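Let us walk through this fold together. Keep the sequence and the 3D view side by side as you read.

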Amino acid sequence: MRQGFKLSARLMEGDYMDTDRLMGSIRNQFTVLTDVANLRRTLKTVAAVDPKGRVKLAFDGGRITFSCKGELASASECLDTAPLTGIPRGEYWYLIPDLTACLRSLSGTATLGIAQAGMLDLSTEHAYYMQTAMREPAAAPAPVKEAPKAAPKKAAKKTKTAKPKTAKKAA
């Protein structure tokens with residue numbers, strides 16, 4: 001440690017959650033084996049249209065299709081994987097920034113699983129990551145065009161009906 005620096009720590013009061021019990025309670029519906037670099041590359045490709053949005057992972061056997069929709073474009077790319085357990089099927093939505101941050105910190109071969117309620121379970125030899133699934137984004141409502149406004153009606157002037165003039169006879 002460098003001289004002149006001071007290190008301090010605090011002891012947390014109370015019990016810390018039992019992470020072993022939590023991890024043991026997760027039951028994946030299915031798992032696939034894939035490379036983290038391929039996951040990262042595929043996510044980066046589709047996230048280009050909406051980097052702060054959501055990505056859909058559609059599982060179909062040994063293939064994952066990554067999809068993302070932005071305001072002006074959409075992107076989709078497939079990634080082949082090796083199924084390990086269960087039958088990989090279904091569509092799940094995740095936040096792109098969170099998944100990107102996770103994949104940036106991992107490397108090597110990863111086991112990717114989907115647990116209860118679509119929770120993403122990603123593990124490597126040295127790390128474990130979980131992300132809860134999101135709801136599918138609501139479709140953007142079609143813009144409603146306002147009907148053209150009618151020109152304001154002019155108030156009709158009330159006119160007095162004039163009595164017909166009669167010619168006077170000169171006497």
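Helices here are DSSP runs of H or I with at least four residues, strands are runs of E with at least two, and both are numbered from the N terminus. Axes are lines fitted to C-alpha atoms, for helices over the stretch in contact, and angles run from 0 to 180 degrees between N-to-C directions. Helix α3 (residues 96–105) also packs on the sheet, where it touches β8 and β9. Its direction makes about 175° with that of β9. Contact means heavy atoms within 4.5 Å.

A note on the source: this is a predicted model, in which local features need pLDDT of at least 70 and side-chain atom pairs count only at pLDDT 80 or more, while totals for chains, interfaces and linings use all residues. Residues are numbered from 1 along each chain as its sequence is written, and side-chain values use heavy atoms, with hydrogens and water left out.

Stay with α2. At its start, a side-chain oxygen of D35 reaches to within 3.1 Å of the backbone nitrogen of A37.

Which residues of α2 are buried? They are V36, L39, T42, L43, V46 and A47. Buried means under 20% relative accessible area, exposed over 50%, and partly exposed in between (1.4 Å probe, protein chains only). Seen down the axis of α2, the buried residues fall within an arc of 130°, so they line one face of the helix. The arc is that of the directions from the helix axis to the C-beta atoms.

Now the sheet. Its 5 strands form an open sheet in the order β5-β1-β7-β8-β9, with antiparallel pairing. Two strands pair if DSSP finds at least two bridges between them. β5 (82–85) and β9 (128–131) stand at the edges, each with a single partner strand, so one side of each is left without a neighbour in the sheet. Neighbouring strands are turned by 25° against each other on average, direction ignored. Strand β1 (residues 30–35) pairs with β5 over 3 bridges. There, T31 has T85 of β5 as its bridge partner.

T124 sits in the loop between β8 and β9. Is T124 buried or exposed? T124 is buried, with a relative accessible area of 17%. Leaving aside residues up to four places away in sequence, T124 touches V36, L106, S107, T109 and A110.

Strand β2 (residues 54–60) pairs with β3 (residues 63–69) in the antiparallel sense. The two share 5 bridges, and K56 stands opposite S67 in β3. Their hairpin has 2 residues between the strands, and G61 in the turn has a positive phi of about 65°. β3 is mostly covered, with 5 of its 7 residues buried. Strand β4 (residues 74–80) runs antiparallel to β3, joined by 7 bridges. K69 stands opposite S74 in β4. This hairpin has 4 residues between its strands.

Step back to the protein chain. Its secondary structure comes to 3 helices and 9 strands. Buried residues make up 28% of its 171 residues.

Notes. A polar contact is a pair of N or O atoms within 3.5 Å; within protein, one must be able to donate a hydrogen and the other to accept it, and residues adjacent in sequence count only if both atoms are side-chain atoms.
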